[in-house]
Amino acid sequence: MNQAKVITSNEQKAVALPRGTRLLVRRCCNAVLSEEKFKGKAEVSVSFVDNDTIHALNAQHRNIDRETDVLSFPLGENGEYDINPSNGAKLLGDIVISAEKAVEQAKLYNHSLQREIGFLTVHSMLHLLGYDHELGGIEEVRMREKEETVLTKLGLKRDNSYYSGE
């Protein structure tokens, strides 16, 4: 399996991202591609933004007027992707993560920020590869199982439930 080219950018100042975040994101992207037996080279962009920015993107692209934790912008459809002519990589798309929301959710779910960023990255990578959970049912279950499989292999296993008790 080829390593993915993962282009990361930190476009926010609200949260100091922990040391090693870029490596974590790269490891998560490659782990999803490996688990999915993705063939060939891949390229993905991952940006960290603040809540205001992700709120605006969510309103613009999904007509949902509130912030969210992560947005996925797939460039492929049905396994067909544009190719970067300079390196032959399949352009999977863009992932946008709210660093502020990641901190909030890590506290809410009582796990590390590393685990939350890992989860959001894996979740979004699966969206870029065509998985969807929006309608619920078996597709949502399949996606959750894949997320946990990848995160467990990366040593980011969920150690408690997502129920916050609130």
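Helices (H or I, at least four residues) and strands (E, at least two) are DSSP runs, numbered from the N terminus, and Lys-101 lies in one of them, helix H3. The structure is a predicted model, where local features need pLDDT of at least 70, side-chain atom pairs count only at pLDDT 80 or more, and totals for chains, interfaces and linings use all residues. Residues are numbered from 1 along each chain as its sequence is written, and side-chain values use heavy atoms, with hydrogens and water left out. Here is a friendly tour, by topic.

**The sheet**

- An open sheet is formed by 4 strands in the order E1-E2-E4-E3, with mixed pairing; two strands pair if DSSP finds at least two bridges between them.
- Strand E1 (5-10) and strand E3 (70-74) are at the edges with a single partner strand each, so one side of each has no neighbour in the sheet.
- On average, neighbouring strands of this sheet are turned by 15° against each other, direction ignored; axes here are lines fitted to C-alpha atoms, for helices over the stretch in contact, and angles run from 0 to 180 degrees between N-to-C directions.
- E3 and strand E4 (residues 90-98) run antiparallel and are joined by 5 bridges, with Ser-72 partnered by Ile-95 and Val-70 by Ile-97.
- E2 and E4 pair in the parallel sense over 8 bridges, and Val-49 has Ser-98 in E4 as its bridge partner.

**Helices on the sheet**

- H1 packs on the sheet and touches E1, strand E2 (42-49) and E4, where contact means heavy atoms within 4.5 Å.
- The direction of H1 makes about 145° with that of E1.
- Helix H2 (residues 51-62) lies across E2, E3 and E4 and runs at about 45° to E3.

**Helix H5**

- Helix H5 (residues 137-153) has 17 residues and reaches 25 Å from first C-alpha to last, close to the expected 24 Å; that expected span is 1.5 Å times one less than the number of residues.
- Met-143, Glu-147, Glu-148, Val-150 and Leu-151 are buried in H5, buried being under 20% relative accessible area, exposed over 50% and partly exposed in between (1.4 Å probe, protein chains only).
- The buried residues of H5 pack against helix H1 (21-35) and helix H4 (113-128).
- Gly-155 follows H5 and has a positive phi, near 80°.

**Nonpolar cores**

- The largest nonpolar core has 37 residues; such a core is a set of buried Ala, Val, Leu, Ile, Met, Phe, Trp, Tyr and Cys residues joined through side-chain atoms within 4.5 Å.
- Residues with the most contacts inside this core are Leu-33, Val-46, Leu-92, Ile-95, Met-125 and Leu-129.
- H1, E2, E4, helix H3 (99-108), H4 and H5 each give two or more residues to this core, and H4 supplies the largest share, 8 residues.
- Another core, of 5 residues, lies apart from it and includes Val-49, Ile-54, Leu-57 and Leu-71.

**Lys-101**

- Lys-101 is buried, with a relative accessible area of 17%.
- Leaving aside neighbours within four places in sequence, Lys-101 is in contact with Asn-51, Glu-67, Thr-68 and Asp-69.
- Lys-101 and Glu-116 are 15 residues apart in sequence and 9.6 Å apart in space, C-alpha to C-alpha.
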